[in-house]
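Please look over the sequence and structure shown here before reading the notes.

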Amino acid sequence: MSEPTPLSAQPAVLAEAESLSSVLQRNRRTFAWKTSGLDEKALRATTAASVMTLGGLVKHVALVEADWLAVKLAGRGYGAPWDAVDFDADPDWEWRTGALDPPGDLYAVWHQAVERSRELVAEVIKERGLDGPASFTWPDGRTPTVRDMLLDMIEEYARHTGHADILREAVDGRVGEGAPKDFTF
């Protein structure tokens, strides 16, 4: 049996991995811009018939980073603060507490989750490639690929950035499709 070709010798795979990572990062950046610079009142604001808040969205995507990329993709634990939460007793914990947390704490939880995800995704791509398996199996017995997981994460950010867009416009009028060139997070 021959040794598999190292990922570094597969330029098409590297290009695709870089493209997926770039799209995910662009979605994260847009989400960050849509939710940045807000005080507690703005992070707690609701609009229309929804109870969704920008603070809840920020904490929710932080949880999704941990659940989808750390746990289900890389096979690691949730880490703090998620591993101390009883989600059976409080299934909307991240949404509820995200609307109550001080802005600095809220953004820190999300930034830490994103940084951890970046490191884990790079590690998993290096080890398994994009066609390699995630670290979990669906109830029907299928195991998603690394590529599937990244595409789902991109879709998660795209959906929630749309939510943030609507909420942010209602809160203070900020509109736009993408962050200004000088915006960093």
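## Basis

This is a predicted model, in which local features need pLDDT of at least 70, side-chain atom pairs count only at pLDDT 80 or more, and totals for chains, interfaces and linings use all residues. Residues are numbered from 1 along each chain as its sequence is written, and side-chain values use heavy atoms, with hydrogens and water left out.

## Helices α3 and α6

Helix α3 (residues 54-73) packs with helix α6 (residues 146-172) at an angle of about 175°, their axes 10 Å apart. Helices here are DSSP runs (H or I, at least four residues), numbered from the N terminus. Axes are lines fitted to C-alpha atoms over the stretch in contact, and angles run from 0 to 180 degrees between N-to-C directions. The two helices are therefore roughly antiparallel (over 145 degrees).

After α6 comes Gly173, with a positive phi near 90°.

## Ser36

Ser36 sits in the loop between α1 (11-35) and α2 (40-44). With 16% relative accessibility, Ser36 counts as buried (under 20% relative accessible area, 1.4 Å probe, protein chains only).

Leaving aside neighbours within four places in sequence, Ser36 is in contact with Tyr107, Arg168, Arg174 and Phe183 (contact means heavy atoms within 4.5 Å).

## Leu24

Leu24 belongs to helix α1 and is buried, with a relative accessible area of 3%. Not counting residues up to four places away in sequence, Leu24 touches Leu150, Met153, Ile154 and Tyr157.

The C-alpha atoms of Leu24 and Glu155 are separated by 8.8 Å, although these residues are 131 residues apart along the chain.

Technical notes
Parallel < 35°, antiparallel > 145°, perpendicular 65-115°, else oblique. Buried < 20%, exposed > 50% of the residue type's maximum accessible area, 1.4 Å probe, protein only.
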